[in-house]
Amino acid sequence: MADLAIHGGPPVRGSLLPYGHQDIDDDDIEAVVRILRSDWITTGPTVREFEDAFAASVGARHAVSFSSGTAALHGTAFAAGLGPGMEAITTPLTFCATANCVIYQGATPVFADVTPDTMNIDPAEVARRITPSTRAVLPVDFAGHPADLDAILELARSHELVVIEDASHALGAEHRGRRVGSISHMTVFSFHPVKHVTTGEGGMVATDDPDLAARLRLFRNHGIDSDARNRQASGQWHYEMVVLGYNYRLTDIASALGLAQLRRLEGNLRSRRRIARLYDEAFSGLPEIVRPVERPGVSSAWHLYPIRVDVPRLRFTRAEVFAALRAENIGVNVHYIPVHHHPYYRERFGYQGGEYPRSEACYESLISLPMFHAMTDQDVDDVIAAVVKVMEHCQR
Ligand SMILES: *Cc1c(COP(=O)(O)O)cnc(C)c1O
């Protein structure tokens, strides 16, 4: 058995393989350059073109772009009418932006624990947390696997809640024959470089509801009502700011990149699914590793491939497994530190840890393996070799 790199042995590979990476090709670069040479570099026709193509691709009537996924989440919290005295329920096992957007609007995020198989929010836990103040639910499609959307929408119907799906991981995923983006009242996507489609920074909200779409457009442009009829009536300089909004606009430059990237989404999804299958096959013989599941009727977008290590079976802690893999030059990561563990949440809401035992147990054992479109077969082989090597060393 070769020595582990962490013990001074040769690493599986010579340079660090990141857990996620953008894929930019010549078409992307040309598309951006074309915009740079044109008259419009922000708020021109390419923004709408990207929004329309995106809406068509996820099967929604409207898509409203934002300057980031976080800005898009903020927009949905506004459009849902969240405000002081109101609550919104979300999962602790997410990036903090999902819960932060509730606080931006002066409302209170309430966490509901996850189901152990998908690590998505458990509808039974959501039901338990609903109060007369609850206004919205924010399920997250963790790692690209859609949340239990039917059960959540059913709860929303009976309690008159708005469902804001954080699908930052799940562009291209399907749930019972429907594409993510066409299911919830509003669905949020992120175009950060590690996500399926990137615009550098950027985000999008998909919705079928024209009123929600109008509120989202208002919010991302300072709350300015740009209705042309008002403008004509009072002179061409006239505009009205009717609510407190922000400058959360996506640029034409970014939209051109997004449009070009979106054309390659299917290929991107195919390679992620293939990598997931290769990992599944390679790790099926390792009882120390709990592999991510795909429930029947669901097609994951495989943003992440999060394994859980069965720590009691090992001579290493999760931190030691993590460090050993990093030493082999495999850029593993952990998604996520539960939101209620962060100092801001502890101090502001009084969390002590222990409130959400299933999310916390997941967090204690999670390790995200590299997963991105541009990974070569050699990259995949290196990840597998490193995981097998580390497991051999730490089996009891
Ligand atoms: C990436 C991400 C966001 C935030 O998106 P940005 O575009 O980086 O602002 C929100 N929620 C989840 C779950 C994410 O993964």
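An N or O atom in the side chain of Lys-195 lies 3.0 Å from an oxygen atom of the ligand. This is a polar contact (a pair of N or O atoms within 3.5 Å). Taken alone, the ligand exposes 380 Å², and the protein buries 92% of that. Accessible areas come from the Shrake-Rupley method with a 1.4 Å probe; for residues, only the protein chains shown count as cover. The model is predicted: local features need pLDDT of at least 70, side-chain atom pairs count only at pLDDT 80 or more, and totals for chains, interfaces and linings use all residues. Residues are numbered from 1 along each chain as its sequence is written, and side-chain values use heavy atoms, without hydrogens or water.

A polar side-chain atom of His-169 is 2.9 Å from a ligand oxygen atom. Gly-69 instead places a backbone N or O atom 2.8 Å from an oxygen atom of the ligand. The shell holds 15 residues around the ligand, each with a heavy atom within 4 Å of it. Gly-69, Thr-70, Asp-166, Ser-190 and Lys-195 come nearest. Helix H3 (residues 69-79) gives the most to this shell, with three residues. Helices are DSSP runs (H or I, at least four residues), numbered from the N terminus.

A nonpolar surface patch is formed by Ile-24, Ile-29, Val-33, Leu-36 and Ile-41, with about 410 Å² of accessible area together. Ile-41 lies in the loop between helix H1 (26-36) and helix H2 (45-58).

Notes
Patch = residues over 30% accessible without salt bridge, like charges linked within 9 Å, V, L, I, M, F, W, Y side chains within 5 Å. Salt bridge = Lys/Arg side-chain N within 4 Å of Asp/Glu carboxyl O. Helix = DSSP H or I, 4+ residues; strand = E, 2+ residues; numbered from the N terminus. Polar contact = N/O pair within 3.5 Å; in protein donor to acceptor, adjacent residues only side chain to side chain.
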